[in-house]
Amino acid sequence: MRSLVKILVYLTIVLAPAAGRGQNSSYDYFTGGRIHVVPSSHQDIAWMDTPDSCRRFRDLHVITPALRRLKESKDFRFSVENALNLYEYLDRHPERLAEIAKYTREGRLEWGATYNQPYEGLYDGEALIREVYYGKKKLQKLIPGGSFSCAWSEDVPGRSMQTAQIFSKAGIQYLQFSRFQPGVYKWFSPDGSHIICWTPGQYEESGRVIRHAADEVHRTAEFAGKLASLNNYYKSRSLAPEFIYISSEDFSEPLDYDAYFRKWNKDVAEGKSDLPRINYATGGEALAAVSGGRGKIDSVSGEYPNLWLYIHGPTHEKAVREGRLASRLLTAAEKFATVSATLTGSFSDYPQRAFDEAWQCAIYPDHGWGGVHGDSTDQVFANSYVKAARAGDSILRGRLDRICHSIKYAGEGKPIVVFNPLSWTRSDPVEVTTNTEGIYDNAFRLVDDRGQAVEYQVVSSPVEGTNAMLTISFIARDIPSIGYATYYLVPGRSGDAEKLRITITGNVVDTRFYKVELGSGGIKSIFDKEEQRELIAPGRLLAGEVFSLQSVGNGAGEFTSVQQPTMEGFEKMGQYNASWSLVENGPVRTVIETVHPWRNCTVRQRVIFYTMARRIDFQADIIGFNGERSREFRMAFPLGMDSARVSYEAPMGIVEVGRSELPFAPGFSKPEQVYNTPCKDIHPREVQDWFAAADGRGSVTISSDVAVFDWIDPTGVNARPVLQPVLLASRRSCNESPLANWYLQRGDHHFTFSFFSNDSKGYPGWKNGKQAAEPLLVVDNVPDSRSRKKDAGAVLPERYSFASVDKDNIVISAIKKNDDENKVILRCYDMEGKDTDATLSWFKGIRNLEKTNIIEQNPERTGKDGKVSVKKFSIETFQFDAVPGIK
């Protein structure tokens with residue numbers, strides 16, 4: 001039935017304008033209503049040219065002419081799609097702020113409520129939330145009294161399932177979007193919050209016939225055709241007869257229909273026309289008109305997987321890696337900067353300005369990678385990510401050092417402090433390189449804060465002939481939530497750890513947790529001893545095996561489904577019969593590797609087995625890639641699971657493939673662009689920290705070092721899931737200009753993925769995946785016991801948690817200073833779909849707890865002693881006093 005309805009709607013939209021022009025009955029529902037013409041101009045940061053050239057164009061041909069039109073006509077309206085366009089314009093014209101503020105407060109000039117127009121599934125949840133911090137919240141401060149209730153996302157065919165909740169909880173009511181079945185929608189997030197949306201189909205094509213009409217007679221006929229095309233749609237839902245027409249295309253300039261509108265409305269008033277009245281409107285005004293009246297607005301919910309995902313991670317692997325790192329570093333830095341301020345009793349040196357600058361760099365790249373002079377744009381985007389990551393690392397390291405100097409070290413030896421930025425107690429491998437020159441003899445023991453011996457393994461000693469610069473690996477156990485634990489390097493020899501070593505017999509690696517059989521190019525078998533089951537399926541690809549496909553396509557473009565790779569030129573590690581060699585074998589881990597030249601690079605694969613952790617790490621190095629066009633590299637994990645459910649982490653949520661998506665295809669966009677692939681069948685997908693598969697017996701979770709993964713076997717051999725991180729692809733920008741660039745990505749690329757299995761049959765081991773993707777942080781530059789001075793400020797114990805939550809399904813995603821007050825902001829969300837009463841803990845106690853919206857506004861008193869309620873899949877933001885009287 002749904003397919004039949006969509007076909008009928010499609011035929012109505014395509015055929016009615018031609019068949020119904022001039023026939024009063026074809027648009028009778030709109031008689032007495034209104035047409036809301038929304039003047040705008042679609043703008044990527046770049047795409048049509050370099051970022052600098054596009055900024056100049058927006059100044060000279062969009063915003064400055066729009067201001068002139070607003071001055072000329074009190075009826076004129078104009079909508080700019082995002083806040084960044086305003087900030088860049090004011091950098092060039094700071095003297096025009098008062099004029100801009102006047103038109104904005106009058107409701108005639110609209111600024112989109114997000115910072116820019118990103119790929120929503122690329123950014124993690126906190127980065128996506130910063131879109132509204134530096135969109136709506138910053139706009140409110142810049143122009144008090146302005147209404148920033150409408151967001152715009154006119155280009156990207158994709159929508160993350162938590163976006164509606166983020167917008168709604170920021171006070172954003174409306175969304176103008178594109179490339180979707182035309183109509184008005186209530187778009188719900190899984191917590192039940194929603195926004196009102198309008199889409200005309202494809203933003204530019206839907207209005208082309210009106211903008212480029214030969215004369216006013218033809219323009220009127222085209223308007224009548226547009227009304228006819230949606231007459232039955234509005235009538236069947238009893239919607240208010242308020243028709244929305246978006247007048248926008250790439251780099252379009254403000255229109256002037258003043259005289260045309262006056263004549264139109266005069267004819268309507270005098271009864272010479274049965275058309276509705278016509279007026280200018282902003283996006284928010286138009287949606288308020290159509291949603292504020294009677295009628296039933298269609299409800300939709302679920303993930304709309306991004307069809308343009310090849311434009312970011314696969315084709316910009318190194319840049320996107322820096323962007324993902326930046327978000328993780330900045331959220332960790334905010335947490336520990338807030339801890340540091342609380343310890344000192346003052347927010348006076350909390351680096352708010354540095355955070356603001358870094359976050360805006362971290363979310364600066366929008367959806368417009370590549371394009372005309374795309375090599376320049378891509379470098380600007382990459383530099384922005386690198387700048388954000390470096391700022392985050394600098395702030396984080398500085399605050400961790402301060403906290404380390406507040407610890408009262410009771411043990412002897414050289415302290416090594418391990419920090420956990422996540423909100424649950426965890427145990428994970430760590431590596432640390434520390435300078436032992438002049439401190440001890442060449443024999444060391446590692447002990448924890450209780451003096452208990454901890455096995456470690458020497459990974460490398462860069463200074464030949466000594467152990468001065470010593471890199472060691474060990475398992476840091478039970479590191480407290482958003483806290484730390486202290487270890488010490490002390491003189492002496494470690495105990496006999498030979499019994500801990502992993503045994504290798506022929507091609508079989510035997511660990512405490514797994515029995516593994518090696519094959520040529522990968523792993524043939526992983527037998528889980530605890531679950532007593534084989535995890536790997538036989539087939540053309542082995543576990544951890546790198547393989548290469550032909551990958552013809554664009555990063556983004558006017559296609560209606562993801563352009564899939566093919567088997568032409570198929571290459572895999574196993575075809576070279578390269579042998580495995582032993583790199584390390586010690587009390588903590590065993591490392592093996594295989595390496596071989598390929599046609600266009602050299603591939604090295606490493607596998608790391610742990611003696612005391614139920615985990616296997618897979619590393620892949622693509623060395624010296626020559627940038628051969630239209631090639632794609634992936635890593636395979638063929639799983640021996642029948643009827644498996646595939647899932648993955650989206651921003652602040654879990655998507656279960658086949659269950660969590662929109663339950664239909666996105667539909668008509670324009671005649672030559674009909675999105676007819678059901679959302680559940682769209683692949684590959686964007687991913688955050690992990691992807692997984694589960695059946696009735698258990699699950700396998702793999703941490704993700706990349707932004708895109710797949711689960712469909714591209715070789716066509718295995719019907720069961722083959723989990724595959726997409727490492728990189730050398731595709732071309734879809735911009736038709738000869739100046740558009742290839743994304744070749746020559747050089748070296750390095751990847752790490754961690755493999756976990758457990759008995760979880762519902763939600764998989766998502767915590768394992770997040771832990772591997774967001775590793776423990778190590779500080780080793782604390783003076784040893786012989787050179788430490790007594791510090792009056794050293795009041796912290798050797799092991800401590802600064803913040804936590806008592807329910808396993810709740811994640812604390814942010815702890816930061818309130819932007820405007822000396823209060824602590826704590827944001828958390830439910831990961832497993834459970835209504836939860838939880839208790840939040842803060843090391844100085846929680847006083848005056850209030851719940852705010854997602855941008856720290858509208859506080860309301862809530863539970864005492866840190867007790868809060870979090871609905872299933874909801875994102876909640878709280879604030880409280882850090883300590884009494886903090887300044």
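Analyst: A692 stands opposite T701 in β35, and the pairing behind that contact is antiparallel, with five bridges joining strand β34 (residues 690-694) to β35 (residues 699-703). Two strands are taken to pair if DSSP finds at least two bridges between them, and the elements themselves are DSSP runs numbered from the N terminus, helices being H or I over at least four residues and strands being E over at least two. The model is a predicted one, in which local features need pLDDT of at least 70 and side-chain atom pairs count only at pLDDT 80 or more, whereas totals for chains, interfaces and linings use all residues. Residues are numbered from 1 along each chain as its sequence is written, and side-chain values use heavy atoms, with hydrogens and water left out.

β34 and β35 form a hairpin, with four residues between them. On its other pairing, β35 meets strand β38 (residues 747-758) in the antiparallel sense over four bridges, and there V700 has S757 of β38 as its bridge partner. Five of the five residues of β35 are buried, which leaves the strand mostly covered; buried here stands for under 20% relative accessible area, exposed for over 50% and partly exposed for anything in between, with a 1.4 Å probe and protein chains only. In a regular strand the side chains alternate between the two faces of the sheet. Accordingly, S699, T701 and S703 point one way from β35 while V700 and I702 point the other way, and all are buried.

An open sheet of six strands runs in the order β23-β22-β28-β37-β36-β33, and its pairing is antiparallel. β23 (566-572) and β33 (685-686) stand at the edges with a single partner strand each, so one side of each has no neighbour in the sheet. Strand β22 (residues 545-550) is joined to strand β28 (residues 631-638) over six antiparallel bridges, with R634 of β28 as the bridge partner of F547. Strand β36 (residues 708-710) pairs with β37 over two antiparallel bridges, and F709 has P725 of β37 as its bridge partner. Eight of the eight residues of β37 (residues 722-729) are buried, so this strand is largely enclosed by the rest of the structure.

Turning to charged side chains, a salt bridge is counted when a side-chain nitrogen of Lys or Arg lies within 4 Å of a carboxyl oxygen of Asp or Glu, and by this rule there are 74 salt bridges. R614 forms one with E531, the closest N and O atoms being 3.5 Å apart. That pair links distant parts of the chain, since R614 sits in the loop between β26 (602-610) and β27 (616-625) and E531 in the loop between β20 (522-528) and β21 (533-534), 83 residues apart. R614 counts as buried at 19% relative accessibility, and E531 likewise counts as buried at 19%. E656 forms a salt bridge with R659, with the closest N and O atoms 3.7 Å apart, and R659 counts as exposed at 58% relative accessibility. Salt bridges that share partners also join K137, K141, K816, D819, D820 and E856 into one network.

In helix α2 (residues 51-72), D52 and R55 are three residues apart and thus separated by about one helical turn, and their side chains meet in a salt bridge at 2.1 Å, N to O. D52 is partly exposed, with a relative accessible area of 45%, and R55 is partly exposed as well, at 23%.

α2 also packs against helix α4 (residues 97-105) at an angle of about 60°, with the axes 11 Å apart; axes are lines fitted to C-alpha atoms, for helices over the stretch in contact, and angles run from 0 to 180 degrees between N-to-C directions. This makes α2 oblique to α4, given that angles under 35 degrees count as roughly parallel, over 145 as roughly antiparallel, 65 to 115 as roughly perpendicular and the rest as oblique. The contact, meaning heavy atoms within 4.5 Å, is made by L67, L70 and K71 of α2 and E99, I100 and Y103 of α4.
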